Amino acid sequence: MKWIINLLTSSIGQKLVMSLTGLFLISFVIVHLIGNLQLLVDDGGYAFNTYAYFMTNNPLIKTISLGLYFFILLHAVQGLLIYFTNKKKSGGKSASKYAVRTYENGSWASKNMALLGTLILFFLCVHMGDFWYKMKFTDDLAMVTYDGYDQPIKDLYTRVSVAFQELWIVAVYLVGLFALAFHLMHGFSSAFQTLGLRHKKYTPLINGIGITLSVIIPLAYAVIPIWSYFK
Amino acid sequence: MKLKLNVWRQSNNSDKGGFVSYNVEADEHMSFLEMMDVLNEKLISEKKDPVAFEHDCREGICGTCNMVINGRPHGPQKGTTVCQLHMRQFKDGDTIAIEPWRVDAFPIIKDLVVDRSSLDHIIQAGGYISVNTGQAPDGNAIPIDKEEASAAFDAATCIGCGACAAACPNGSAMLFTSAKVAHLGKLPQGKVEHKKRVQKMVAQMDKEGFGFCSNVGACEVECPKEISTENIAMLNRSYLGSMMSTND
């Protein structure tokens with residue numbers, strides 16, 4: 001067992017945790033996006049509400065979601081640990097450790113992953129407090145009845161539509177998505193580098209997919225609050 | 001050409017240190033170190049303490065002439081050590097800031113001189129081949145793939161100057177360690193100990209107090225030997241692989 005401790009306390013092992021949890025979270029972000037695009041379906045919320053009902057009641061999904069919460073926390077805690085370790089060992093004040101700076105090396109995103117991650121975490125707290133908490137732990141939501149369902153189900157669609165009438169909530173979402181874009185821009189390709197998956201044969205493809213995802217995912221998400229606000 | 005130098009002066013590691021300005025008359029054909037020699041001769045003739053800086057071969061292969069020039073390890077010219085940097089890269093009237101490597105694992109000894117023993121400790125932990133490999137073998141006596149040989153040779157050009165850690169916002173020595181691991185691990189003689197070497201060198205690197213690599217890529221831009229971060233991927237791959245496939 002000692003080897004596992006050695007692995008997970010080593011610098012590369014801690015980066016491995018970031019890499020694997022990060023890739024898992026990216027896959028979640030994609031699935032979550034596909035599901036939530038049903039908010040754009042103009043059917044008074046039928047598609048989205050029945051989907052939300054399925055996602056909160058299916059035993060398999062419920063089990064996977066426990067893993068998701070754990071990985072979000074692990075990614076955040078491990079990331080902050082690495083940030084503080086690096087801050088302590090950098091030999092100065094991070095990127096600006098030299099008095100004169102005439103040349104900027106490395107992308108802005110790569111040097112601000114902790115800041116971007118913290119923004120995303122704050123966004124997640126607002127986001128989950130508003131929808132996830134209300135859906136799962138309160139009876140604040142109105143109920144609606146659909147054919148084929150024995151009992152009325154929670155009307156999350158209306159809750160979301162109401163929330164996105166508030167300009168400040170739309171603004172919080174856009175800031176969160178902006179942070180996500182830059183976090184993914186570095187994170188996706190960095191995850192593969194940490195795993196050691198790099199070769200001139202396929203690394204340009206990985207980098208290309210990373211940039212594409214970091215643009216498309218946040219843009220597609222951003223459509224939801226903006227469309228709801230102007231609807 | 002007339003230059004104004006802002007040089008970091010610090011009498012020892014516990015001293016706070018600070019910039020001191022000097023005016024120097026240099027020639028554009030001089031190397032940067034020759035310009036520093038002019039400054040020191042002037043300081044000595046004025047009975048002042050000369051600026052301490054390291055230098056040895058002055059032909060770009062020893063890795064000792066380490067200075068951060070205007071915020072860039074080894075100065076503005078790509079793929080060049082300070083001794084190979086010439087004053088024609090600067091203009092008359094320029095102000096040049098000169099600082100030591102700033103990395104936690106490299107404590108400052110004096111002025112621009114830092115203690116890079118931490119890199120030696122990483123080598124001592126496993127950056128060698130234990131068996132006697134004898135005389136240079138006959139050509140083609142030991143088969144090796146050309147791709148591997150070239151990659152090993154590229155990694156072997158690392159001169160251990162520490163510019164990678166100096167450029168890194170995290171003070172990480174991953175580029176150095178990975179270059180040594182790739183250099184030895186890709187060659188037939190070094191392959192035998194590769195897995196355990198990787199574990200030992202990474203453990204030592206962590207112990208020396210270097211930061212973690214966050215794939216910023218500043219190291220490969222500033223490396224005077226243009227070592228690629230492909231080596232870091234190989235180090236990651238080898239380390240994770242060795243953890244999964246050795247008894248330790």
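Mentor: Two residues count as in contact if their C-beta atoms, placed from the backbone, lie within 7 Å. The model is predicted, and local features need pLDDT of at least 70 while side-chain atom pairs count only at pLDDT 80 or more, but totals for chains, interfaces and linings use all residues. Residues are numbered from 1 along each chain as its sequence is written, and chains are lettered from A and ligands numbered from 1 in the order in which they are written.

Take chain A as the part. Among its contacts between residues at least 6 apart in sequence, 72% join residues at least 24 apart. Chain A contains nine helices and two strands; these are DSSP runs numbered from the N terminus, helices being H or I with at least four residues and strands E with at least two. Their order along the sequence is α-α-α-α-α-α-β-β-α-α-α. Along the principal axes, the C-alpha atoms of chain A fill a box of roughly 65 × 45 × 35 Å. Chain A has 231 residues, of which 29% are buried. Buried means that 20 or more other C-beta atoms lie within 10 Å of the residue's own, exposed means 12 or fewer, and partly exposed lies in between, with C-beta atoms placed from the backbone.

Next comes the side facing the partner. In chain A, 35 residues are in contact with 38 residues of chain B. At least two residues of that side come from each of helix H1 (2-9), helix H2 (11-36), helix H4 (59-89), helix H5 (108-111) and helix H8 (167-195) of chain A. H2(A) gives the most, with five residues. By class, the side of chain A that touches chain B has twelve nonpolar, 17 polar and six charged residues. Ala, Val, Leu, Ile, Met, Phe, Trp, Tyr, Cys and Pro count as nonpolar, Asp, Glu, Lys and Arg as charged, and the others, Gly among them, as polar.

Twelve residues of domain 1 of chain B are in contact with ten of domain 2 of chain B. On the domain 1 side, four residues are nonpolar, seven polar and one charged.

Helix H2 (residues 117-126) of chain B has as its buried residues Ser118(B), Leu119(B), Ile122(B) and Gly126(B). They lie on the same side of H2(B) because they cover an arc of only 105° around the axis, the arc being that of the directions from the helix axis to the C-beta atoms. These buried residues pack against helix H5 (174-185) and helix H7 (194-207) of chain B.
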